[in-house]
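The sequence and the structure are shown first, and the description follows.

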2 protein chains.
Amino acid sequence: MIPLPRLQELVLDGIKQLSFPNEPSALYDPLRYILSLGGKRMRPVLTLMGCNAFGADVNAALPAALGVEVFHNFTLMHDDIMDNAPLRRSKPTVHTKWNSNIAILSGDAMFVESCRLVMQSPNASVRPVMDVFTKTAIEVCEGQQLDMDFESMDEVSINQYIEMIRLKTAVLLGGALKIGAIIAGANDSDANHLYDFGVNLGVAFQLQDDILDVFGDADKFGKQVGGDILSNKKTFLLLTALNKASGTTKDSLLKWINVSDQPQEKVKSVTQIYNLLSVREQAEAKMNELYDVAISHLNSIPIPDANKKPLKDLAASLMVRQN
Amino acid sequence: MIPLPRLQELVLDGIKQLSFPNEPSALYDPLRYILSLGGKRMRPVLTLMGCNAFGADVNAALPAALGVEVFHNFTLMHDDIMDNAPLRRSKPTVHTKWNSNIAILSGDAMFVESCRLVMQSPNASVRPVMDVFTKTAIEVCEGQQLDMDFESMDEVSINQYIEMIRLKTAVLLGGALKIGAIIAGANDSDANHLYDFGVNLGVAFQLQDDILDVFGDADKFGKQVGGDILSNKKTFLLLTALNKASGTTKDSLLKWINVSDQPQEKVKSVTQIYNLLSVREQAEAKMNELYDVAISHLNSIPIPDANKKPLKDLAASLMVRQN
């Protein structure tokens, strides 16, 4: 098996070698800019890992892997407009540095470029690979729409929330892996098990993110703790707390949701309510359950354990991250 | 040859049978809405005509034709946000009826759906068809960016303007035809001649649009005459006038460009200057030149004259349109 650092290097080199026209600069500069902001490059690495797990030459999957990364960055560019986000990886977002129109159009161009890259997959796999890619892409749009819908909805169930993060975040991890598997020539059953491994891991990963946002170490987590509480984001924690709370605890939770002028007190008080109701434990139980399902899908694939090890190691490392 | 009305019927039936999920409604309702607003459906008809000209079954090209139409409507949805346009075909634009975020995301979803449709092309042609589709898509983005760039540029040359409308409008007509030709099994040379026919016709068509905006019959043209003059749009006419004018005529033209509070007088005076400088004649000469180039490309294709006739008839009808 090719070690993870070597796969990461392949991805970073590939991104460096992507070449886009210079003009019109307002179309292509934002594209180069957002791709230069870094990030873990987890998704393209997953595509290479998916390919490697089935013993095929990962170079065959490199264009598709880069396409997945360009697609991911396209969604970030458009999401940042919709979320009115000023910063991305501590740098100004594209619509802030340029303007919204440029971020819309440059994002559109990125999506086209991502298609072109994925289309460079080998002939035998190009159609099933594109099927996974476009299905995943439309689901990511659906997830983003649900996320926006939830902001103005009074009632969101835990299941609706899980479905939203599955679409918005997890299917792209599963899709990235499955694309690599298809390019390696994996059969449908094996490719689908790998997909389900990625999707379940992705949902677990997002639940961990929700937990870290409240209970993480601010220094290690790399962003302000309590951001979700301050914005009343309907995360697994808040929805669980709203379900479990009753009496004065519920009154107190509802009161704090409506407070916006005492940020520190709000984070502290809502966190206390979460502790009182053991919502962290409940979130961790769900996270572990999903993690176990993910691993069981990986275990169902009839390839040598050595081929699964990098994926298991990655999964384990994702689940204890502090940032 | 299949008569034009029959091809139009095939396209309209195909659009009617397109099926998208109901939920999330804020993602898919705008998509259904913009596709329901009508329009000439010229681009998908061109794809079927391109296929039919080479004697193949047009049903093989129908999914790609519909993909081209969905793509075109995606660009309209995003362009309307960027142009801050309140109306599209006399109905509220998507970002007006819903909001900008919904128009961004629903447009993204339309682009994915257009890829899925184009990917339904027959196996033998799917890769070259997607190559044309993605190349065209990125060029349309480039054209829209140039159009926005031109608004704030002091100097735009006639050649830059022609290149902008080639990218923004014409390549999609050429691309639509070429996709049909490829699906029919046309060779590269023939497919490229058909592409060049479409591109030259498209630029000529846009120049006619510029002319009609100033000199058209308001009732037949279906929109306010003089809109381009009022918005100081750098069309072929204005750029030619700025090139040709000198002395007091130039002073007068520059003065009127800066006037915004006397719309009727502005349209009247700038039109008089255009007449004085014979810019209409110059635009028509360019338009006719491009039209002739288009026809010469069509004539270069070694297929029976009967196969070319529908395309020649369509080209002729486009060039005398009053709306």
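## The contact between the chains

In this predicted model, the contact between the two chains takes 29 residues from chain B and 29 residues from chain A. On the side of chain B that touches chain A, four helices each supply at least two residues: α2 (25-36), α4 (62-82), α6 (100-118) and α7 (126-151). The largest share of that side comes from α7(B), with 13 residues. Sorted by class, the side of chain B that touches chain A holds 19 nonpolar, five polar and five charged residues.

Which surface does each copy use in the contact? Of the interface residues of chain B, 100% are also interface residues in chain A, so the copies meet through the same surface.

## How the two copies are related

Two copies of a chain are related by a rotation about an axis and a shift along it. Here, chain B is superposed on chain A by a rotation of 180° with 0.0 Å of shift along its axis, and the RMSD is 0.0 Å. Such a relation is that of a two-fold axis.

## The fold of chain A

Chain A contains 16 helices and two strands. Its radius of gyration is 20 Å, close to the 20 Å that the globule rule gives for 323 residues, so chain A is as compact as a globular protein of that length. The C-alpha trace of chain A spans about 65 × 50 × 30 Å along its principal axes.

Buried residues account for 48% of the 323 residues in chain A. Among contacts in chain A between residues at least 6 apart in sequence, 74% join residues that are at least 24 apart.

A:Leu146 belongs to helix α7 (residues 126-151) of chain A. Is A:Leu146 buried or exposed? A residue counts as buried if 20 or more other C-beta atoms lie within 10 Å of its own. A:Leu146 has 23 other C-beta atoms within 10 Å and is therefore buried.

Neighbours within four places in sequence left aside, A:Leu146 is in contact with A:Met164, A:Leu167 and B:Pro24. Of these residues, B:Pro24 lies in the loop between α1 (4-17) and α2 of chain B. A:Leu146 and A:Phe71 are 75 residues apart in sequence, and the C-alpha to C-alpha separation in space is 19 Å.

## Two helix pairs in chain B

From α2(B), the residues B:Ala26, B:Leu27, B:Pro30 and B:Leu31 take part; they meet B:Ile102, B:Ala103, B:Leu105, B:Ser106, B:Ala109 and B:Met110 in α6(B). The contact of α2(B) with α6(B) comprises nine nonpolar residues, one polar residue and no charged residues.

The second pair is helix α15 (residues 279-299) and helix α16 (residues 305-318) of chain B, which pack at an angle of about 175° with their axes 11 Å apart. Angles over 145 degrees count as roughly antiparallel, and α15(B) and α16(B) are therefore roughly antiparallel to each other. B:Ala294, B:Ile295 and B:Leu298 of α15(B) make this contact with B:Lys308, B:Leu311, B:Lys312 and B:Ala315 of α16(B). By class, the contact of α15(B) with α16(B) has five nonpolar, no polar and two charged residues.

## Backbone details

A:Glu23 and A:Pro24 are joined by a cis peptide bond, with omega at about -5°. A:Pro24 is found in the loop between α1 (4-17) and α2 (25-36) of chain A. In chain B, a cis peptide bond joins B:Glu23 and B:Pro24, and omega is about -5°.

A:Ser90 has a phi near 65°, which is a positive value in a residue other than glycine. This serine, A:Ser90, is placed in the loop between β1 (87-88) and β2 (91-92) of chain A. A residue counts as exposed if 12 or fewer other C-beta atoms lie within 10 Å of its own; A:Ser90, with 9 C-beta neighbours inside 10 Å, is therefore exposed. For B:Ser90, phi is near 65°, and the residue lies in the loop between β1 (87-88) and β2 (91-92) of chain B. With 9 other C-beta atoms within 10 Å, B:Ser90 is exposed.

Terms used. Residues are numbered from 1 along each chain as its sequence is written. Chains are lettered from A and ligands numbered from 1 in the order in which they are written. This is a predicted model: local features need pLDDT of at least 70, side-chain atom pairs count only at pLDDT 80 or more; totals for chains, interfaces and linings use all residues. Two residues are in contact if their C-beta atoms, placed from the backbone, lie within 7 Å. Ala, Val, Leu, Ile, Met, Phe, Trp, Tyr, Cys and Pro count as nonpolar, Asp, Glu, Lys and Arg as charged, and the others, Gly among them, as polar. The radius of gyration is taken over C-alpha atoms; the globule rule is 2.2 Å times the number of residues to the power 0.38. Copies are superposed by least squares on the C-alpha atoms of residues with pLDDT of at least 70 in both. Axes are lines fitted to C-alpha atoms, for helices over the stretch in contact, and angles run from 0 to 180 degrees between N-to-C directions. Angles under 35 degrees count as roughly parallel, over 145 as roughly antiparallel, 65 to 115 as roughly perpendicular and the rest as oblique.
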